[in-house]
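Here's a quick briefing to read alongside the model. Take a look at the picture, then work through the points below.

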Amino acid sequence: YTYEMTKKITPYKDVSWYIKWASTAILLVAITSRAAGGPQLLDFCLSITGTLGWTVVGFMWHDRALMILNSVVAGILTVGVLRVLFG
């Protein structure tokens, strides 16, 4: 087998890199909270923050899949927040 080095194409240590990793960490905390039975509102708010961060990264990278997926998810989660708050 021949192993070839692949060139990394995502930016490293620019603004999008920090947003990407912060958003990923926030989403992991949200998922952990959800799995542990934590407060639903906390899960929603953290999930919205993480998906909005990834939406920004999508815009910065001109990546339509990231923009569409994460903006739609943020919208769906926002409906969940409104349902929790105003029942």
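The accessible surface of the protein comes to about 6400 Å², and carbon and sulfur atoms hold 70% of it. That area comes from the Shrake-Rupley method with a 1.4 Å probe. Keep in mind that this is a predicted model, where local features need pLDDT of at least 70, side-chain atom pairs count only at pLDDT 80 or more, and totals for chains, interfaces and linings use all residues. Residues are numbered from 1 along each chain as its sequence is written, and side-chain values use heavy atoms, leaving out hydrogens and water.

**Overall build**
- You'll find 3 helices and 0 strands here (DSSP runs: H or I of at least four residues for helices, E of at least two for strands, numbered from the N terminus).
- From the N terminus, the order is α-α-α.
- The radius of gyration (over C-alpha atoms) is 16 Å, well over the 12 Å from the globule rule for 87 residues, so the protein is more spread out than a compact globule (the rule is 2.2 Å times the number of residues to the power 0.38).
- Along the principal axes, the C-alpha atoms fill a box of roughly 55 × 25 × 25 Å.

**Packing**
- Of the 87 residues, 29% are buried (under 20% relative accessible area, 1.4 Å probe, protein chains only).
- Take contacts (heavy atoms within 4.5 Å) between residues at least 6 apart in sequence: 55% of them join residues at least 24 apart.

**A closer look at Ser-33**
- Ser-33 sits in helix H1, residues 15-35.
- Ser-33 counts as buried because its relative accessibility is 11%.
- Leaving aside residues up to four places away in sequence, Ser-33 touches Gly-38, Pro-39, Leu-42 and Asp-43.

Key: Buried < 20%, exposed > 50% of the residue type's maximum accessible area, 1.4 Å probe, protein only.
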